[in-house]
Amino acid sequence: MKSLKNFSYLFLILSSTSMFAQVERSRLVTLMGSKFEITLVDKDSLLAEKNIDKSIDEIRRIENLISEWKPETQISEVNRNAGIKPVKVDPEVFALTEKGIYFSNLTDGAFDISIVAMDKIWKFDDSMNELPSEESIKNSVKNVGYQNIILDKTNSTIFLKNKGMKIGFGSIGKGYAADKTRELIKSFGVKAGIINASGDISTWGTQPDGKPWAIGINNPFKDDKIAAVLYLKENAVTTSGSYEKYAEIHGKRYSHIMNPKTGYPSTGLTSVTVVGPNATMANGFSTSIMVLGKKEGLKLIKKFPEYQYLLITDSGKIIKNLNN
């Protein structure tokens, strides 16, 4: 059993020992500020290790395009020029920004890549015992608003209309990195693997014994229980949750996942797991559903039947639609 519990994420990856000619190799690294575990099934150990190196290079390449924390990236350049001028970006950066705005339109702003400009008035370190004032909450979102992200496809430019705006891809970036790495490594002829970006997972192929990858979803209310086991080949699974990072005020739990429209943390759901063909999309759905809540979140995901879900409410109730 490979346990990701020390990552503080919901996933356990359950793997069998190889009895066949192919070898399975794994490596744990820190990338994009998070823990990544890269597991490949390859022809021999040397080739597997070389392809893991290529996986790491691909994730670093993506980080060096989209990180808002590194001053040399294109996204940082976009943010520095907020309210000043459009910035030309690579087609890949432009397309990912389009994907972010797609989710904003889909959810009427419950998902918003400009949320990184929100004032940090909420504390999730056990130090808060009172809600911030309504005025400070209202003011905290003054620089948030996907409607003010201006895209020019002809010139491949991004312009943030107002000074103080910022965009970032914390909500879909790791899922995107997992997808792109899977795509690259498959192109080298690697028949199977898992790219696990701190719980945002892309898989393909099978374990060396021919069995599908088995991924257990932990129940944060019951440490010794698994809420479900997923059997995956070419697939992706992501989770958004408040089960570790939250504030509890007057008996009510407030998630670190914020509503970009209101300035309030999401409530009602402790975790949302989404399963489907694409980790970028699954990432967008899991984040959006956390903000939308159970009723509106289920309305959204049911419009996309290729994506399955498992929701755990703040009371511990499990709501799921899984084919596994």
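Trainee: What should I know before I start?
Mentor: This is a predicted model, so local features need pLDDT of at least 70 and side-chain atom pairs count only at pLDDT 80 or more, while totals for chains, interfaces and linings use all residues. Residues are numbered from 1 along each chain as its sequence is written, and side-chain values use heavy atoms, with hydrogens and water left out.

Trainee: What is the order of the strands in the eight-stranded sheet?
Mentor: That open sheet runs E3-E4-E8-E9-E12-E15-E16-E17, again with antiparallel pairing. Strand E3 (23–31) and strand E17 (318–321) are its edge strands, each pairing on one side only. From one strand to the next, the twist averages 10°; for angles like this, axes are lines fitted to C-alpha atoms, for helices over the stretch in contact, and angles run from 0 to 180 degrees between N-to-C directions.

Trainee: Which helix packs on the sheet and touches E9 and E12?
Mentor: Helix H5 (residues 173–187) does, and strand E4 (34–42) and strand E8 (192–197) are touched too. Contact means heavy atoms within 4.5 Å. The direction of H5 makes about 20° with that of E9. Another one to find is helix H6 (residues 279–292), which lies across E9, E12, strand E15 (269–276) and strand E16 (308–313), at about 155° to E15.

Trainee: Is Ser242 buried or exposed?
Mentor: Here's the scale: buried means under 20% relative accessible area, exposed over 50%, partly exposed in between (1.4 Å probe, protein chains only). Ser242 has a relative accessible area of 1%, so Ser242 is buried. You'll find Ser242 in the loop between strand E12 (235–241) and strand E13 (246–249). Leaving aside neighbours within four places in sequence, Ser242 has contacts that include Arg253, His256 and Met290.

Trainee: How many salt bridges does a search of the whole structure find?
Mentor: The search finds 13. A salt bridge is a side-chain nitrogen of Lys or Arg within 4 Å of a carboxyl oxygen of Asp or Glu. For example, Glu49 and Arg25 meet in one at 2.9 Å, N to O. Glu49 lies in helix H1 (residues 45–66) and Arg25 in strand E3, so the pair ties together parts that are 24 residues apart in sequence. Arg25 is partly exposed, at 34% relative accessibility.

Trainee: Which salt bridge partner does Arg182 have?
Mentor: The partner is Asp179, with the closest N and O atoms 3.6 Å apart. Both residues lie in helix H5, three residues apart, about one turn of the helix. Arg182 counts as buried at 7% relative accessibility, and Asp179 is buried too, with a relative accessible area of 9%.

Note on methods. Helix = DSSP H or I, 4+ residues; strand = E, 2+ residues; numbered from the N terminus. Pairing = 2+ DSSP bridges.
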